[in-house]
Amino acid sequence: MGSSLSLFWGSANDNVVDPATGLTGRQKKLVQSTWALCRKDPIASGVAIMTAFFKAHPDYHQDFAGFKDVPLDELPGNKKFQAHCLAVVTTLSNVIDSMNDTELLAANLVSIGEKHNKRGQTKQQFLDLKEVMMEVLRQKLGAKFTAETSEAWNKTLDAAYSIIFSAYST
């Protein structure tokens, strides 16, 4: 395991592309280091993502039985909403933490796809979430969200979604 980690994590291999993810070692580091800043306060990060998601797509709010009747401006203080937001950040953290173990990464992503497909969430909802996440990351990270970081996140989410969406075709 140490050798596979060093293959993609070591500075000498920053430009080596992982064939499983399409990401270079440097891109993985950018995603992991910027996400580390967001996961320091996982509830606040999750609330920022999900609140922005519902502001951009108000109809999606109704898909969440636990807080569908809670007004948008009251969601950040709602414990069921906070619990869901924490689950979102935890799931993202698990995916990002497994970027260097492609089998674990694939298992995580297929599971996400299966669960969301069973709940009736659509591929379009994931794509809409990606747009919102990119904007929240841009706002939260400020100057640290460079063009290179944006590209790394785009590639990461696109690669993740391709695996998540594979669970929709079964």
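User: Buried means under 20% relative accessible area, exposed over 50%, and partly exposed in between, with a 1.4 Å probe and protein chains only. Is N78 buried or exposed?

Analyst: N78 is buried, because its relative accessible area is 19%. This is a predicted model, where local features need pLDDT of at least 70 and side-chain atom pairs count only at pLDDT 80 or more, while totals for chains, interfaces and linings use all residues. Residues are numbered from 1 along each chain as its sequence is written, and side-chain values use heavy atoms, with hydrogens and water left out.

User: Where does N78 lie? And what does N78 touch?

Analyst: N78 lies in the loop between helix 3 and helix 4. Helices are DSSP runs of H or I with at least four residues, numbered from the N terminus; strands are runs of E with at least two. Not counting residues up to four places away in sequence, N78 touches F67 and V70. Contact means heavy atoms within 4.5 Å.

User: F67 is aromatic. Which aromatic cluster includes F67?

Analyst: F67 forms one aromatic cluster with F53, F54, Y60, F64 and F81. Rings of Phe, Tyr and Trp (its six-membered ring) pair if their centres lie within 6.5 Å; planes under 30 degrees apart count as stacked, over 60 as edge-to-face and the rest as tilted.

User: How many aromatic pairs in the whole structure?

Analyst: The search finds 13. One of them is F126 with F165. That pair is edge-to-face, with 6.0 Å centre to centre and 75° between the planes.

User: Why does the pair of F126 and F165 tie parts together?

Analyst: F126 lies in helix 6 (residues 123–141) and F165 in helix 7 (residues 147–166), so the pair links parts 39 residues apart in sequence. Both F126 and F165 are buried.

User: Which residues lie nearest its centre?

Analyst: V88, T91, I112, H116 and F126, out of 31 lining residues. A lining residue has an atom within 4 Å of a point.

User: Which elements line the largest pocket?

Analyst: Those giving two or more residues are helix 3 (42–56), helix 4 (79–97), helix 5 (102–118), helix 6 and helix 7. Helix 4 gives the most, with 8 residues.

User: What is the make-up of that lining?

Analyst: It divides into 19 nonpolar, 9 polar and 3 charged residues. Ala, Val, Leu, Ile, Met, Phe, Trp, Tyr, Cys and Pro count as nonpolar, Asp, Glu, Lys and Arg as charged, and the others, Gly among them, as polar.

User: Back to H116. Where is H116 found, and what does H116 touch?

Analyst: H116 is in helix 5. Leaving out residues up to four places away in sequence, H116 touches Q121, F126 and Y168. H116 is partly exposed, with a relative accessible area of 22%. The C-alpha atoms of H116 and F126 are separated by 9.6 Å.

User: And the largest nonpolar core: which residues touch the most other members?

Analyst: W35, M50, F54, F81, W153 and I164, in a core of 43 residues. Helix 6 gives the most to this core, with 8 residues. Such a core is a set of buried Ala, Val, Leu, Ile, Met, Phe, Trp, Tyr and Cys residues joined through side-chain atoms within 4.5 Å.

User: What is I164 in contact with?

Analyst: L109, I112, G113 and F126, leaving aside neighbours within four places in sequence.

User: Last one. Is E103 buried or exposed?

Analyst: Exposed, because the relative accessible area of E103 is 68%. E103 is in helix 5. E103 and A20 are 83 residues apart in sequence and 9.4 Å apart in space, C-alpha to C-alpha.

Conventions:
1 Å grid on protein atoms, 1.4 Å probe; cavity = no way out; pocket = protein on both sides within 12 Å on 5 of 7 lines; lining within 4 Å.
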